There are 2 protein chains.
Amino acid sequence: MKIILIGAGNVATHLGKALKSAGMEILQVFSRTEESAKKLGEQLNVQFCSKWNEINQSADIYIFSIKDSVLEEAISHIYAPQAIYVHTAGSVSIDIFEKKVKNYGVVYPLQTFSKNKEINIQEVPFFIEASNKTTENIIKSIVGSISNQCYNLSSEKRMLMHLAAVFACNFSNYMYVLASEITSEAGIDFKTMLPLIKETADKVSYLSPEDAQTGPAIRKDEKTIKKHIDTLANKKHLQYIYRQLSESIEKMPEHK
Amino acid sequence: MKIILIGAGNVATHLGKALKSAGMEILQVFSRTEESAKKLGEQLNVQFCSKWNEINQSADIYIFSIKDSVLEEAISHIYAPQAIYVHTAGSVSIDIFEKKVKNYGVVYPLQTFSKNKEINIQEVPFFIEASNKTTENIIKSIVGSISNQCYNLSSEKRMLMHLAAVFACNFSNYMYVLASEITSEAGIDFKTMLPLIKETADKVSYLSPEDAQTGPAIRKDEKTIKKHIDTLANKKHLQYIYRQLSESIEKMPEHK
């Protein structure tokens with residue numbers, strides 16, 4: 001199975017390295033940014049290109065791992081009816097391939113990747129979807145070579161998992177951003193927050209997030225909440241978010 | 001130095017164990033809940049009581065580690081002018097002791113404690129404050145026996161650190177709560193989120209939270225944001241928070 005990677009960003013880089021390590025044959029790497037194509041091509045020791053018409057059209061699998069906004073354009077540049085087309089996006093339906101090719105699918109890794117940070121990819125959950133059973137089996141065997149966790153999931157439910165990831169990753173990181181604004185104000189290094197951040201993340205591996213919820217809002221400690229809101233009088237965006245999230249946490253029992 | 005712990009909750013339990021391990025003499029444990037007093041007393045192999053008038057008035061240090069709302073009442077039950085009074089609260093001023101005793105202070109550990117979960121207390125940052133230099137030195141030597149990280153901090157700035165902890169711990173955990181509502185909806189076990197949660201928390205140890213920020217909002221990917229908001233049409237509280245936090249993240253560069 002000859003694989004071509006369309007994209008050379010964080011996901012493509014980690015996928016490419018893992019597939020290569022698993023003994024898969026990567027034929028070529030494409031990125032619109034020549035430097036990125038070169039960098040990943042050299043890392044994987046494979047051909048690379050940055051012009052659409054230089055993409056080899058004879059591969060068995062094209063993995064589109066690029067921004068959602070250019071996915072449609074990228075697909076239009078490949079003419080390989082024999083191949084399987086796959087994308088890695090959380091919130092793009094499998095139907096994007098519908099009129100282009102017969103065998104297609106999705107491989108969505110639920111993780112945040114940075115180019116220079118090693119990840120244990122065996123632990124990363126992959127949510128997959130395919131246009132037919134044969135394609136599904138091929139995708140499963142490829143994903144199975146790099147991860148222990150492979151789940152079938154519809155496009156609709158995959159979007160929910162992407163949404164859950166926005167909350168658990170993007171929004172929780174934003175809470176760290178806001179915390180770091182406050183530690184600056186206190187003249188204390190943000191690094192003092194790291195043991196707390198790590199422990200908070202660890203806790204939900206043995207308690208449900210609901211049971212792990214602590215703080216003034218869940219115990220309806222209005223006196224402390226008022227002190228905090230008053231303290232944030234000069235930081236309106238922090239005050240606003242503090243208030244909204246505290247109100248929402250106070251209503252937590254009603255959501256059940 | 002004979003220590004009495006007023007309170008037997010999560011903080012008192014971890015502090016008590018650490019102080020005991022460091023060779024400090026704990027004279028007695030008090031909790032209004034007899035069962036809690038008994039449990040911690042037995043764990044530490046020291047006297048315990050649950051009636052205010054049973055508290056030994058001859059200790060050298062009283063550590064008040066109880067709910068903010070009962071702190072004032074607890075202080076009023078101790079008549080030990082020779083002793084140092086200390087509380088462990090993030091958002092209560094040191095002045096709460098002002099008219100009660102001469103030597104007093106605060107020892108605020110920046111961590112989330114659960115009774116049955118071991119913590120490496122050596123790594124926990126302690127923010128301390130004292131009514132005078134002699135008391136400060138005594139508090140420092142006690143804290144120094146259990147943690148490598150001890151910082152002087154005023155009541156005002158300690159409240160900021162507590163506020164930062166609410167964002168980094170309570171609010172990020174709430175993001176996990178919301179994520180778990182969504183994974184339930186998708187029929188996927190919340191445990192699939194754990195590698196992502198762990199990696200998100202790890203990232204800020206080598207990138208600033210600002211640089212670690214990813215997701216649709218920071219890249220102003222309005223198409224994906226719209227899809228997500230539409231998907232949450234039947235979950236108004238999730239939709240509301242998604243919208244507020246995304247808008248706030250989009251404005252992140254302006255905060256600097």
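## A parallel pair of strands

In chain A, strand β1 (residues 2–6) runs parallel to strand β4 (residues 61–64), and 4 bridges join them. Strands here are DSSP runs of E, at least two residues long, and helices are runs of H or I, at least four residues long, both numbered from the N terminus. Within this pair, A:L5 stands opposite A:I63 of β4(A).

This is a predicted model, in which local features need pLDDT of at least 70 and side-chain atom pairs count only at pLDDT 80 or more, while totals for chains, interfaces and linings use all residues. Residues are numbered from 1 along each chain as its sequence is written, chains are lettered from A and ligands numbered from 1 in the order in which they are written, and side-chain values use heavy atoms, without hydrogens or water.

## The sheet around them

Both strands belong to an open sheet of 8 strands in chain A. The order is β3-β2-β1-β4-β5-β6-β7-β8, and the pairing is mixed. Two strands pair if DSSP finds at least two bridges between them. Which strands of chain A form the edges? They are β3 (47–49) and β8 (149–152), each pairing on one side only. From one strand to the next, the twist averages 25°.

Helix α3 (residues 68–76) of chain A lies across β1, β4 and β5 (84–87). The helix runs at about 155° to β4(A). Such angles run from 0 to 180 degrees between N-to-C directions, with axes fitted to C-alpha atoms, for helices over the stretch in contact.

## Chain A as a whole

Chain A has 10 helices and 8 strands. Its C-alpha trace spans about 70 × 40 × 30 Å along its principal axes. Of its 256 residues, 58% count as buried, meaning under 20% relative accessible area with a 1.4 Å probe, protein chains only.

## Two chains, one axis

A rotation of 180° superposes chain B on chain A, with 0.0 Å of shift along the axis and an RMSD of 0.0 Å. The two copies are thus related as by a two-fold rotation axis. In chain B, the C-alpha nearest the axis belongs to B:S172, 2.3 Å away.

B:F167 is in contact (heavy atoms within 4.5 Å) with B:S172 and with residues of chain A, including A:M175, A:L178 and A:Y242. That leaves aside its neighbours within four places in sequence.

Terms used:
Least-squares fit on C-alpha atoms with pLDDT ≥ 70 in both. Buried < 20%, exposed > 50% of the residue type's maximum accessible area, 1.4 Å probe, protein only.
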